[in-house]
Amino acid sequence: MRISEFRRAMREEFGDVYSGVLVRDHWLSVLGGTAQDALDRGVPARDVWNALCEDLQVPLSRRHGRGLIDPRE
């Protein structure tokens, strides 16, 4: 997952404004910081997306990102 795909999936799942708030402010204990902190440290965007989905209880059916192909298929 590229950063652009991550940002698109965030916007589509959480909306334009709230996705920015989540990336900037939501603490992900599994990553030891916010999503932006993790991305800045070089954590792959897919791992950050998965951590956010798990923490925010995004249904499995949408964890590949709305409008994106499920990578398991």
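## About the model

This is a predicted model, where local features need pLDDT of at least 70 and side-chain atom pairs count only at pLDDT 80 or more, while totals for chains, interfaces and linings use all residues. Residues are numbered from 1 along each chain as its sequence is written, and side-chain values use heavy atoms, leaving out hydrogens and water.

Helices are DSSP runs (H or I, at least four residues), numbered from the N terminus.

## How α1 meets α2

The axes of these two helices come within 7 Å and cross at roughly 120°. Axes are lines fitted to C-alpha atoms over the stretch in contact, with angles from 0 to 180 degrees between N-to-C directions.

In contact (heavy atoms within 4.5 Å) are F6, R7, M10, R11 and F14 of α1 with D16, Y18, S19, L22 and V23 of α2.

## How α1 meets α4

Now look at α1 (residues 3–14) beside α4 (residues 45–55): they pack at about 20°, with axes 9 Å apart. That makes α1 roughly parallel to α4. This crossing is right-handed. I3, F6, A9, M10, E13 and F14 in α1 meet A45, V48, W49 and L52 in α4.

Terms used
Parallel < 35°, antiparallel > 145°, perpendicular 65-115°, else oblique. Left-handed = near helix turned anticlockwise from the far one by under 90°.
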